[in-house]
Amino acid sequence: MPTRLDFSKLSLMDALDLATLIEVEAHKRYTQFAEQLGSRTDDDAASVFQSMAVNESKHGDQLAERRLALFGDQKPRVTLDDIFDVEAPDFGSTRWYMSPWKAYLVALSSEKKAFAFYDQALPHVTQPEI
């Protein structure tokens, strides 16, 4: 989970922007995986990845709404260049004809990466509501 960020220097707005970007990155990767595999049935690996993309998009939208309510249209100070693979599944995770079970394991691994990232950031959060 490489990052160039110093968590101690992030403002609340930065943290919300960063969290939103993490969801955007994961959404893009899951969408890419779903497109690469191509869905053959309603319960194949591509469908799992598409479902994860939808969930990441919802999370990103929720964070963006909260950020907008708190900070309006202030320009973000963090970008996708500040993070890489925080929650997004690893590029080499997919295999042709992978099972839905394997796709869920890829998603679980990604969620664990995100947990580790946020666990590192948590000591620097001073706003209890966040």
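D17 is buried, at a relative accessible area of 8%. The model is a predicted one. D17 pairs with R67 in a salt bridge, with 2.5 Å between the closest N and O atoms. D17 belongs to helix α1 and R67 to helix α2, so this bridge ties together parts 50 residues apart in sequence. R67 counts as buried too, because its relative accessibility of 7% falls under the 20% cut-off.

How many salt bridges does a search of the whole structure find? The count is two. The other one joins R77 and D14, whose closest N and O atoms are 2.3 Å apart. R77 sits in the loop between α2 (45-71) and α3 (100-121), while D14 is in helix α1 (residues 12-37), so the contact ties together parts 63 residues apart in sequence. D14 is buried, with a relative accessible area of 2%. R77 counts as exposed, at 55% relative accessibility.

| Salt bridge | Closest N and O atoms |
|---|---|
| R77 and D14 | 2.3 Å |
| D17 and R67 | 2.5 Å |

Next, helix α2 itself. Its 27 residues should span 39 Å at 1.5 Å a residue, and the end C-alpha atoms lie 38 Å apart, which agrees. The buried residues of α2 include A45, A46, F49, M52, E56, L63 and R67. The buried residues of this helix pack against α1 and α3. Just after α2, G72 takes a positive phi of about 60°.

Now the aromatic rings. A search of the whole structure finds three aromatic pairs. One of them is Y30 with F49, a stacked pair at 6.0 Å centre to centre and 25° between the planes. Y30 is in helix α1 and F49 in helix α2, 19 residues apart, and the pair links distant parts of the chain. Both Y30 and F49 are buried.

F117 and Y118 form an edge-to-face pair, 5.4 Å centre to centre with 80° between the planes. Is F117 buried or exposed? F117 counts as buried, at 0% relative accessibility. Y118 is partly exposed, with a relative accessible area of 32%. Ring pairs also link Y30, F33 and F49 into a cluster.

Taken together, α2 meets α1 in two ways. The D17 and R67 bridge joins helix α1 to helix α2. The Y30 and F49 ring pair likewise has one partner in helix α1 and one in helix α2.

Note on methods:
Residues numbered from 1 in each chain as written. Predicted model: local features only at pLDDT ≥ 70, side-chain atom pairs only at ≥ 80, totals over all residues. Heavy atoms only, no water. Salt bridge = Lys/Arg side-chain N within 4 Å of Asp/Glu carboxyl O. Helix = DSSP H or I, 4+ residues; strand = E, 2+ residues; numbered from the N terminus. Buried < 20%, exposed > 50% of the residue type's maximum accessible area, 1.4 Å probe, protein only. Expected span 1.5 Å × (residues − 1). Contact = heavy atoms within 4.5 Å. Phe/Tyr/Trp six-rings, centres within 6.5 Å; stacked < 30°, edge-to-face > 60°.
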